[in-house]
Amino acid sequence: MQIGTASATALVTAALRVAHQTYDDGRVFHDPFAEDMLGPEGAPLMMGLPIVPGYRMMRFLMAARSRYADDALAEAVARGCRQAVVLGAGLDTLSLRNPYRAAGLRIFEVDHPATQADKRRRLLRFGPRLPPNLSLVPAIFGKDDIAVALATAGWRANEPTFFQMLGVVVYLTAEIRQALFGFVADLPGSEIALDYSTPPESQLPEGRAVTEAQMVEAAKIDEPWLGLVTPEALARELTDLGLSDIEDLDLLQLRQRYLGETSAGTGDFGPHVLRARRPA
Ligand SMILES: C[S@@+](CC[C@H](N)C(=O)[O-])C[C@H]1O[C@@H](n2cnc3c(N)ncnc32)[C@H](O)[C@@H]1O
């Protein structure tokens, strides 16, 4: 990411969610705020979307990973969790959609300061104040102390927290990723939902071509992919830290769950979603 500039990939992922609303009727992930969050400046981006590597697959994935996180959050709230931390929030609209506002769910969005400054301006399109129950926490993973930044914003370390981290793991080194997982693992009753991608060499040729093209594009805009990991290595990493109840779904399993597809195909296309918990 260029210093002082909002994340360009956050704009692309937001545009893909808008495309899902427009062309798929939001059937996997309904987001009534996606279009206004992207705003009029999104028009040229929307026109260019079909040249995004693996456009159709990415359109599904962006919707499916948000739906996956929403479903996990619903279960966390049902268990009594009242804090959600969105790591690398980009133009995510959970704070506007917050279905648990009346129940008292507080949302903390952590993001790169430049991306978050842009997000703040966008949020103010929806009203003169930020959404109730939202705190914006500017911080850089790998540089700032996330626990301190969150605590300063009113987050309570002694209460269970649901963490959402979508479209972020690929941009982090293994060391930074593990430090974040370690932070979550130290919080009893907490849970994390995230997505990640496997290394190209462990993917099917179709997935591999898309991943390699995405990596080239991401490097060009100074947001290189630094953290590809296999499901086995990631599960080991999380387990070693004390996280458990791990669920890991690949793209085909996501299609089965959210599109009802019954194809018996197997093989890795690259993207995965995952949930893990720190027992209370
Ligand atoms: C591809 S965008 C995904 C945004 C959003 N979660 C979504 O699904 O649309 C990646 C996000 O991670 C943030 N990010 C990446 N590296 C970061 C770092 N080291 N510290 C803080 N934020 C970071 C970017 O600012 C951006 O908002």
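The model is a predicted one, so to speak of local features a pLDDT of at least 70 is needed, and side-chain atom pairs count only at pLDDT 80 or more, while totals for chains, interfaces and linings use all residues. Residue numbers start from 1 along each chain as its sequence is written.

Overall, the protein chain holds eleven helices and seven strands, taken as DSSP runs (H or I, at least four residues, for helices; E, at least two, for strands) and numbered from the N terminus. For 280 residues, a compact globule would come out with a radius of gyration near 19 Å, and the protein chain, at 18 Å, agrees; the radius is taken over C-alpha atoms, and the globule rule is 2.2 Å times the number of residues to the power 0.38. The C-alpha trace spans about 45 × 45 × 40 Å along its principal axes.

Ala76 sits in α4 and is buried, with 26 other C-beta atoms within 10 Å. Beyond its neighbours within four places in sequence, Ala76 touches Cys81, Phe162 and Glu191 by the contact criterion. The C-alpha of Ser190, 114 residues away along the chain, lies 8.4 Å from that of Ala76. After α4 comes Gly80, with a positive phi near 110°.

In α9 (residues 205-220), the buried residues are Gly207, Val210, Thr211 and Gln214. These cover an arc of only 100° around the axis, which puts them on the same side of α9; the arc is that of the directions from the helix axis to the C-beta atoms. An α-helix has 3.6 residues a turn, so residues three or four places apart point the same way. The buried residues of α9 pack against α4 (55-78) and β5 (191-197), whereas the face turned away from them carries the exposed Pro205, Val216, Ala219 and Lys220. Asp222, which follows α9, has a positive phi near 65°.

In helix α11 (residues 251-259), Leu251, Leu254 and Arg255 are buried. Down the axis of α11 they fall within an arc of 100°, so they line one face of the helix. Their packing partners are α4, β6 (244-250) and β7 (271-277). Gly260 follows α11, again with a positive phi, near 70°.

Finally, the ligand. It is surrounded by 20 residues, the closest being Thr13, Gly88, Gly90, Thr115 and Gly167; a residue counts as near if its C-beta atom, placed from the backbone, lies within 6 Å. Helix α1 (residues 8-24) gives the most to this shell, with four residues. By type, the shell divides into nine nonpolar, nine polar and two charged residues, where Ala, Val, Leu, Ile, Met, Phe, Trp, Tyr, Cys and Pro count as nonpolar, Asp, Glu, Lys and Arg as charged, and the others, Gly among them, as polar.

Methods:
Expected span 1.5 Å × (residues − 1). Buried ≥ 20, exposed ≤ 12 C-beta atoms within 10 Å, placed from the backbone. Contact = placed C-beta atoms within 7 Å.
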